[in-house]
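Work through the exercises below with the structure open. Try each task before you read its solution.

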Amino acid sequence: MFKFIKSNFILIISFLILLIILCVNSANYIKESEARKNNSLQMEQFCLNVSYEENPQYEEICKGILYEATLSLDFYTMFVNVVTFGYKNIGFVLFLFVSMPSLFYVCKYLKNKQILNEITRNSYKKNIFKIIVQAYKPIFIVPIIILISFIICSFYTKNFDPTYSLFYSSAIWQESTMRNPSLFLLLYFLNTIIHSILYINIGLIIARTKHNYFVAVILSFLAFIGIEAFLEIAINGILFFSILNSEMGALFNIMNVFTFNDTYGIGSSMIVPLCLMIISCLLVYFRYKNKEKLIIDCEKNE
């Protein structure tokens, strides 16, 4: 057990930090929700007992209050507050929560020249496969957090009817999306996996030649920021907004994992990350394909 914790320390820390944030967000929202519920019950009781003949000024107000009392808090309202808005402040560095645990093993393996010893016992392909498998361990950090958030929000609200969200405009997704909860949950979950693979691949591409862990982390993060800046400025700002006069450029984003923009369809926000993920997978393949070059780079390490 101790060996497992030691070898996966950064992965465990990343997961625990995100889990703690989720638990705090959930607890705060539930506390606020219960307070609102108590206030609503008091107002509802007042409206049920008040005489409209003696107090006609309350009639219209109470009609609205009694109607709102029939609405039940739904999954989407809680989820958007706990996850989408709850993780908003760390969206910029979410990349690091996935890439840092991944890069730790890869950089350690290459910098310590372990591949030079193991290549005599196993084929180059097996060794590279081992590196890739270890690097992809953090792929489920964010998806597992999302699964836990699904459970918390669905258990507390017990309601996937978006009437509450639509009435209060308390969710950010379209009605057609929220009317199909199974598809929403599936695609949202897959979206986090796609982004996680892309983030890990960016790190792997950098780690191919930069075996120092801290250098690889910094350069990977800069590469991530560079890609996001290019998508925001060149693609979204210049191409779509200025030239094409379209807002579809908003889909060119790899940073806002939790937003899941469905303005142009429930799966539209996955298109760009999916394409970039496929391209990054090909780049990883070609970066690690040449056995001789990788061995030469490893031999240069002190």
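**Exercise 1: a helix and its partners**

Task: find which helices the buried residues of α2 pack against.

Solution. This is a predicted model. The buried residues of α2 pack against α3 (59-69), α4 (75-84), α5 (94-111) and α8 (141-157). Next, list some of those buried residues: they include Leu11, Phe15, Leu18, Leu22 and Tyr29. Finally, check the length. Helix α2 (residues 9-49) has 41 residues and reaches 60 Å from its first C-alpha to its last, close to the 60 Å expected.

**Exercise 2: classify two ring pairs**

Task: classify the pair Tyr76 and Phe160, then the pair Tyr188 and Phe260.

Solution. Start with the centres of Tyr76 and Phe160: they are 6.2 Å apart. Rings pair if their centres lie within 6.5 Å. The planes of Tyr76 and Phe160 stand at 80°, and the pair is edge-to-face. Tyr76 lies in helix α4 and Phe160 in the loop between α8 and α9 (163-168), so the pair ties together parts 84 residues apart in sequence.

Now take Tyr188 and Phe260. Their centres are 5.4 Å apart and their planes are at 55°, so this pair is tilted. Both residues are buried. All four of these residues belong to one aromatic cluster, which also includes Phe79 and Trp173.

**Exercise 3: buried or exposed?**

Task: decide whether Lys293 is buried or exposed.

Solution. Locate Lys293 in helix α14 (residues 291-299). Its relative accessible area is 53%. Exposed means over 50%. Therefore Lys293 is exposed.

Definitions and conventions:
Residues numbered from 1 in each chain as written. Predicted model: local features only at pLDDT ≥ 70, side-chain atom pairs only at ≥ 80, totals over all residues. Heavy atoms only, no water. Helix = DSSP H or I, 4+ residues; strand = E, 2+ residues; numbered from the N terminus. Expected span 1.5 Å × (residues − 1). Buried < 20%, exposed > 50% of the residue type's maximum accessible area, 1.4 Å probe, protein only. Contact = heavy atoms within 4.5 Å. Phe/Tyr/Trp six-rings, centres within 6.5 Å; stacked < 30°, edge-to-face > 60°.
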